[in-house]
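Here is a short report on one structure. Please look through the sequence and the coordinates before reading on.

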Protein chains: 2
Amino acid sequence: MRFSRLGYEVTAVDNYFRRDACRELDAEMLYPVLSLEERARIWHEKTGKEIKVVIGDLSDPEVMRSLFQPDAIDYKWCVDESYTGLPDVIIHYAEQPSAPYSLMDYKHADITLSNNLRVTNNLLFAVRDFCRGVHIVKLGTMGEYGTPNIDIEEGWIEIEHKGRRDTFLYPRQASSIYHTSKIMDTDLMWFGVRMWGLRVTDLMQGPVYGLETEEIRIDPRFKTIFNYDEIFGTLINRFITQAVVGHPLTVYGAGGQTRGYLDIRDTLQCVLAAVENPPEPGELTIYNQIMETFSVNEIAEIVHRVGCQRGHPVSIQQLENPRCEAESHYYNPTYQGLVELGVKPHYLTDESVHSLFELVEGYRDNIREEIIFRGIKW
Amino acid sequence: MRFSRLGYEVTAVDNYFRRDACRELDAEMLYPVLSLEERARIWHEKTGKEIKVVIGDLSDPEVMRSLFQPDAIDYKWCVDESYTGLPDVIIHYAEQPSAPYSLMDYKHADITLSNNLRVTNNLLFAVRDFCRGVHIVKLGTMGEYGTPNIDIEEGWIEIEHKGRRDTFLYPRQASSIYHTSKIMDTDLMWFGVRMWGLRVTDLMQGPVYGLETEEIRIDPRFKTIFNYDEIFGTLINRFITQAVVGHPLTVYGAGGQTRGYLDIRDTLQCVLAAVENPPEPGELTIYNQIMETFSVNEIAEIVHRVGCQRGHPVSIQQLENPRCEAESHYYNPTYQGLVELGVKPHYLTDESVHSLFELVEGYRDNIREEIIFRGIKW
C-alpha cells in the first residue's frame, strides 16, 4: 500500500501461509483480516490505485517463474509503453517467520527450511534467467548474528589473521531453525551476487511493534495481522495482550536477552529507503534494521508501567526459560546505515505503548488467553 | 566394508541418487557397479560378515525416522544382548555431491538444496528425538571455505574486533550451490550441537582420487563408482580419461586454482580416525580432510608426464573458464588434525597416477569421449 500510494506499480504474491498456519495451530489472530483480493479492492475504491494480487506458492519453481513471463500478469493499468512486464524491484518476504514454529517438531523444521530455502533459490534463478538487473530487497533478521561477544557490524567484517586480511560476511550463528534458514538465504543471495552480478539488499530486521501506519488511517480494514500467541506473536504484542487480560507478563529466564526493535512505521521507511538506494550490480548491501535495543526486562517494565496507568496492574513473572539462549550477554550492534539514508526513527515511548494498548483493549473480547502458551521448548 | 571388516555392525542406506542421476544425464560410469544388495551378498560370501542394506530416500522424514525404530531393522546377526537397536555412530554421506550438477539449471539447484538440507535436518531431529548420544560424522567439503586471502583454519577462528574477542565458525563463502548447501549443513549441525548437546564431527574433504582400497583386493567387484564426465568426474579422473582417449587435458582458465586432495585410502583412514575419536556431547569437531594441495596446472603436469611414459602423449589445453572462480589466489589451509590422530598420508606420486592409468586403460573401450563435456557454465 505504501509503494502503491507513492506511484509504484505493485504486484503482491501470497500463499496465505500465515493464515493457514494460524488455523492449523489454533493461533487465532486478535481480529480477522480480509483476503488480499478484498484488501486490493478496497484499496482501489479508496485511492483509485490498483494493486495486482497473485495467490500462489513460490516454493514451486514453476509458480515463481510464471511471474517473470511478461504476459503472465495483466498489468492493465500500466500506462508506460516502454513497460517490459518485468519488475524493477522485488521485495522478498515469502518466508516462514517464526522461531517457535520452526522448532515445534521435525515436520515444522522441515517446512521452514524447505519453504524458505526453496523460495529464495527459485527467486535467485528466476532473476538470473529473466532479469539480472532487478534489485532484490530481501528480509533478513538480526537473529542471524546471534549474541556474539564482539560488536555486531552491518553485515561485513574485516578479519586480520596471521598478518593477512580479508573481508567476510559477518559470522552468524542463530538460535532457531528459522533464524538459521535466514543465514542460509543470505549465503544464497551472496552466491548469486558474486556469480551473476545480482543486486541485493538484505535488511536485518529486529522484532517490529505497532500498527499505526498512514495507510490504516485511510481505512481501518488495512490493519496488518496481529498475533499474540507464543508462535506468531512477538514480545511486545504478547505482553500487552497479557496485561489486558490480567495475566502476569511472562519473562523467560533472567530477562537479560537484549534485541533490537523497531516501530512498523520505521519498517516502511526502511524498505522504501532500501528500494530508493539500490546497490550496484555485483553488490550485496546489508543494513541492520533496528532503531534501539531493549532487554526483555526493559520491555516488561515499560508495558507494566503503561498497563498500570491504564488500569491493568499485572505483575512481572519470571518463568523457567523454555529456550536455549544466553539470558545475559554482550550486545552492541551497529545500525546507522538506514538512518544515514534518511530514515527518521520512531522510538518505543509510553505514548506508542498506550496506542497499542488502546488497540488491544478494543478487541478485549476476542482474546483467548488459553492459546497464548503452546509449551514449545528447545 | 572397512568398518564391517573391523567388526562394526554396519547398515548402509542409499536411494541410488547417483546412479539415477548418471542415467538421467547420460553421464555413464567407466564400468558398471552392482546393486548394494548384491555387493552385500558377495561381501558376506567372501568375508562371512553381514552388511544390512536399506534402500530409501532420507529426504523423507518418515523414512529417516523409521531407521530409529529399534525393530525396524532386523539385526539378526547381532550377538550382543545389550543391543538397543539404535546406532552408536552415523556417517552422513547422503548428499548430492556435484557442483556442476547443482548449477545445470534451477531444477537441479532446487534438487540439491532440497535433498541436502532436508536429509541433514531429518537426521538432526531424528538424533535429537531418539538417540542424542550418537556420534554424527558428516561429510563436509573444503569448498565451504572458498579461497580466502587469509590462512584457512580447521573449522574455527578467533576474531579480535574493537578490543573484544570471540570464536566463530571459520567464515565460508563457496563457489557453487552444492558447496553452499554444505555450508548450510554445517550451520544446521552446529545449531543442534549448541541447542541439544549433540556430538558431531565434520570432515571438510577435498577431491578424492584413487580406487585401490584393501577391500577391492578381496574382490574387484567392490570397486567404487568411477565417473569421468564434467558433472560427476573429479579432476584427476577426468584428466586421466582424457589422456587415455588421446584428448588434450583441458584446464579451465589460468589453471592456478589450488585445492587440497587426498587418496581414497586416506579417506577411509580419516573416517575411521574420526569415528574412533568422538567429540564430547555439545562439541562440533571439524577436520580439514586433505593431505596436500595442488593447482590445476600441477595436476595436469603430473598426468601429462605419466601419460607420456605410458604412451598417451596428449597436450595440455587452456579453455576459457566456464566457471566464475579465482584462477590465481592465495591458498594456505591447515590440515594437521587427522594426521595427529594417526592417519598416515599417501601422497599423489607418479606411482599412484600409473596405477589409476592402468585401471582406466583396462576399460578403454567403455570410454565415451562425447559425454565428458556438458557445457555447464556459471
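## A residue, a sheet and an interface

Ala12(B) sits in strand β1 of chain B, which spans residues 10-14. The model is a predicted one. Around Ala12(B), 18 other C-beta atoms lie within 10 Å, so the residue counts as partly exposed. Burial would take 20 or more such atoms, and exposure 12 or fewer. Setting aside neighbours within four places in sequence, Ala12(B) is in contact with Leu36(B), Ile51(B) and Val53(B). Thr258(B) is another matter. It is 246 residues from Ala12(B) in sequence, and the two C-alpha atoms are 33 Å apart in space.

**The sheet of chain B**

Next comes the sheet. Chain B has an open sheet of four strands, ordered β3-β4-β7-β11, with parallel pairing. Strands β3 (89-92) and β11 (283-289) of chain B are its edges, and each pairs on one side only. From one strand to the next, the twist averages 20°.

Within this sheet, β4 (residues 135-141) and β7 (residues 199-205) of chain B run parallel and share seven bridges. One residue pair can be picked out: Leu139(B) has Leu203(B), in β7(B), as its bridge partner.

| Helix | Residues | Strands touched | Angle between directions |
|---|---|---|---|
| α7 of chain B | 177-196 | β4, β7 and β11 of chain B | about 155° with β4(B) |
| α10 of chain B | 264-276 | β3, β4, β7 and β11 of chain B | about 160° with β7(B) |

For α7(B), the strands touched are β4, β7 and β11 of chain B.

**Where the chains meet**

How many residues does the contact take from chain B and from chain A? Chain B gives 38 residues, and chain A gives 38 residues. On the side of chain B that touches chain A, the elements giving two or more residues are α6 (106-130), β5 (156-161), β6 (164-169) and α7 of chain B. The largest share of that side is from α6(B), with eleven residues. By class, this side of chain B has 22 nonpolar, seven polar and nine charged residues.

**Confidence**

The predictor gives the complex an ipTM of 0.95 and a pTM of 0.95. For chain A, the mean pLDDT is 95. In that chain, 96% of the residues reach 70 or more.

Key
Residues are numbered from 1 along each chain as its sequence is written. Chains are lettered from A and ligands numbered from 1 in the order in which they are written. This is a predicted model: local features need pLDDT of at least 70, side-chain atom pairs count only at pLDDT 80 or more; totals for chains, interfaces and linings use all residues. Two strands pair if DSSP finds at least two bridges between them. Axes are lines fitted to C-alpha atoms, for helices over the stretch in contact, and angles run from 0 to 180 degrees between N-to-C directions. Two residues are in contact if their C-beta atoms, placed from the backbone, lie within 7 Å. pLDDT is the predictor's confidence in each residue, from 0 to 100. Ala, Val, Leu, Ile, Met, Phe, Trp, Tyr, Cys and Pro count as nonpolar, Asp, Glu, Lys and Arg as charged, and the others, Gly among them, as polar.
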